[in-house]
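Please look over the sequence and the structure before reading on.

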Amino acid sequence: MFAVVHVPDFVLHAVLRHEPDMASVPFVLVDPGQASPRVVALNGAARASGVEEGMTAPQAMARCPGVVVRHRSSSSEDVARDALLQSAHAFSPHVEWTGAGCMTLDMRGLSDPGPEASREGLVGWGRRMAVAMRGLGLGVGVGMGPTPGVARHAAMARGAVQGPGEGDGCPAVRVVLPGEAAGFVSGLPVSTLEPSPHAARLLRQWGVGLVGEMLRLGQAELAERLGLEAFALWAAASHSASRPLRHERLPETFAEEAPIDPPVEMLEPLLFLLRRFADSLSLRLAAAGHAAGELVMRLRLESGDLVDQRLRIPQPTHRADVLFRMLGTAMEGLRSEEHTSELQSRVDISYAVF
């Protein structure tokens, strides 16, 4: 069996994961690397106000005057990726970063949930993993199946994903047992296979809405009409084809960061972020079996100057209260006439517990 953890709108939630209150505020990300920066991700509140992907920032603000516009952050995505991998390694040593916000875990050989686990055992294992990811500020979908492809479909077909602090603490997990895989995949909408707009339009014109209906056309006939893309769609629709995973090494850096927009000059909002940083770092260190020996805190000021603080921890620990107390004490000792525009925190490991 394989498990897939999927974070919908990963580039958006990598930026927002330390700001849960922003979920109800219209919010978009634009890509500053584009010649004409356009919306690449948006939350439900922005979408409900009429904002769409591909709009420019002025177009988004004209459609929704109260929308918050920020830049996509590759560094925030890297930090979120490392946090997810470190959390996943507590559940399986065989983890692949499959794509943006998507991890695949090989469950073979695990003592928990065990090789003969029932559906209930698998669901319980998946829920524990989902709760761990929610502790990092990321809502996830979890799917399990006999192949990486089936598990991915299960994770993405689960429906609405609960975010941090939502639901009853028991996130839904979709388990597809080997004998159910063929029927499950056949009942999925063709859009699950992510066809190109051209292929999607043709399939729609033919009245093909489900994967099973597409499979009944036959691979040769599909290729005759869709060309090479038919083979990719056919492979994505397979319920039996497996593949080896590209195993990821456990990231050795435990870092958290958050762009602060607009910049602040008061201590309270920075302490709020540091508390969230400490909680997240504590969870990740504990999952990896590590303790922190040193803290590195960086503040970027509006001028572009960087304030760098290195804090040696007398007794290595992963306790959140200790980490926060050290970061907070260092912050209170800083005085600056400039506003802070970015906050970073990193722990260096000098002591490990196995």
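Which residue just after α10 takes a positive phi? G227 does, with a phi of about 75°.

The model is predicted, so local features need pLDDT of at least 70 and side-chain atom pairs pLDDT 80 or more, while totals for chains, interfaces and linings use all residues. Residues are numbered from 1 along each chain as its sequence is written, and side-chain values use heavy atoms, with hydrogens and water left out. Helices (H or I, at least four residues) and strands (E, at least two) are DSSP runs, numbered from the N terminus.

**Helices**

Helix α10 spans residues 219-226, and L222, A223 and L226 are buried in it (under 20% relative accessible area; exposed is over 50%, partly exposed in between, with a 1.4 Å probe and protein chains only). These residues cover an arc of only 100° around the axis, which puts them on the same side of α10; the arc is that of the directions from the helix axis to the C-beta atoms. Exposed A220 and E224 lie on the face turned away from the buried side.

| Helix | Packing partners of its buried residues |
|---|---|
| α10 | α8 (197-205), α9 (211-215), α11 (229-236) |
| α6 | β1 (2-6), β6 (102-106), β7 (141-145), β8 (173-175), α7 (181-186), α11 |

In α6 (residues 148-156), the buried residues include P148, V150 and H153.

**Sheet**

An open sheet of 3 strands runs in the order β3-β2-β4, with mixed pairing; two strands pair if DSSP finds at least two bridges between them. β3 (39-42) and β4 (68-71) are the edge strands. Strand β2 (residues 27-30) pairs with β4 in the parallel sense over 4 bridges, and V30 stands opposite H71 in β4.

Methods: Contact = heavy atoms within 4.5 Å.
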